[in-house]
Amino acid sequence: SNSVESVDIVGFADMIGTSSYNKQLSMRRANTVKSYLASKGLKTRKARVEAMGEKMSVTQCDPNMARDELIACLAADRRVEIEL
């Protein structure tokens, strides 16, 4: 069965952009994953979706890097974490 009691879906963004934009972006990311899981048949009694924006960064990038290098360095911050 593809049924779980609850799922937490938390979206994140990198430090580029404003805080409010990153909050919205990370919420869109999380909702996209929620929709994807539902389309694959995941059923849950409780789904919590949260947006962290650029908080809880997992990278250590020099903000003075060339833009392309910085975007590549920050890739791990642009993520969604799922806990079943």
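Modeller: Before we start, one term: by contact I mean heavy atoms within 4.5 Å. This is a predicted model, and with that cut-off Asn 22 touches Ala 13, Asp 14, Met 15, Ile 16, Gly 17, Gly 53 and Glu 54, leaving aside residues up to four places away in sequence.

Colleague: Thanks! Where does Asn 22 sit, and what makes you call Asn 22 buried?

Modeller: Asn 22 has its place in helix α1. Its relative accessibility is 1%, and buried means under 20%, so Asn 22 counts as buried.

Colleague: Let's turn to the strands. What makes β1 and β2 a pair?

Modeller: At least two bridges are needed for pairing. Strand β1 (residues 3-11) and strand β2 (residues 43-51) have eight bridges, in the parallel sense, so the pairing holds. Among the facing residues, Val 4 is opposite Thr 44, and Val 10 is opposite Glu 50.

Colleague: Why are Cys 61 and Cys 73 called a disulfide?

Modeller: Their sulfur atoms are 2.0 Å apart, and the rule asks for two cysteine sulfur atoms within 2.5 Å, so the pair is a disulfide. By that rule the count is one disulfide.

Colleague: Why is the disulfide of Cys 61 and Cys 73 given a handedness, and which parts does it tie together?

Modeller: The torsion about the S-S bond is about -95 degrees, so the disulfide is left-handed. Cys 61 is in the loop between β2 and α2 (67-73), while Cys 73 is in helix α2, so parts twelve residues apart in sequence are tied together.

Colleague: Buried or exposed: how do you label Cys 61 and Cys 73?

Modeller: Cys 61 has a relative accessible area of 14%; being under 20% means buried, so Cys 61 is buried. Cys 73 has 27%, which falls between the 20% and 50% limits, so Cys 73 is partly exposed.

Colleague: What makes Asp 14 and Arg 78 a salt bridge?

Modeller: The N to O distance between their side chains is 2.8 Å, and the cut-off is 4 Å, so Asp 14 and Arg 78 form a salt bridge. This pair links distant parts of the chain: Asp 14 in the loop between β1 and α1, and Arg 78 in the loop between α2 and β3, 64 residues apart. Asp 14 is buried at 9%, whereas Arg 78 is partly exposed at 28%.

Colleague: How many salt bridges does the structure hold, and which residue forms one with Glu 81?

Modeller: There are six salt bridges in the structure. Arg 79 forms one with Glu 81, with the closest N and O atoms 2.9 Å apart. Arg 79 also meets Asp 77 in a salt bridge, at 4.0 Å, N to O. Arg 79 is buried at 14% and Asp 77 is buried at 2%, while Glu 81 is partly exposed at 37%.

Colleague: Last one: why does Phe 12 count as buried?

Modeller: Phe 12 has a relative accessibility of 2% against a limit of 20%, so Phe 12 is buried. Phe 12 lies in the loop between β1 and α1, and its contacts include Met 52, Met 56, Asp 77, Arg 78, Arg 79 and Glu 81.

Conventions
Residues are numbered from 1 along each chain as its sequence is written. This is a predicted model: local features need pLDDT of at least 70, side-chain atom pairs count only at pLDDT 80 or more; totals for chains, interfaces and linings use all residues. Side-chain values use heavy atoms; hydrogens and water are left out. Helices (H or I, at least four residues) and strands (E, at least two) are DSSP runs, numbered from the N terminus. Buried means under 20% relative accessible area, exposed over 50%, partly exposed in between (1.4 Å probe, protein chains only).
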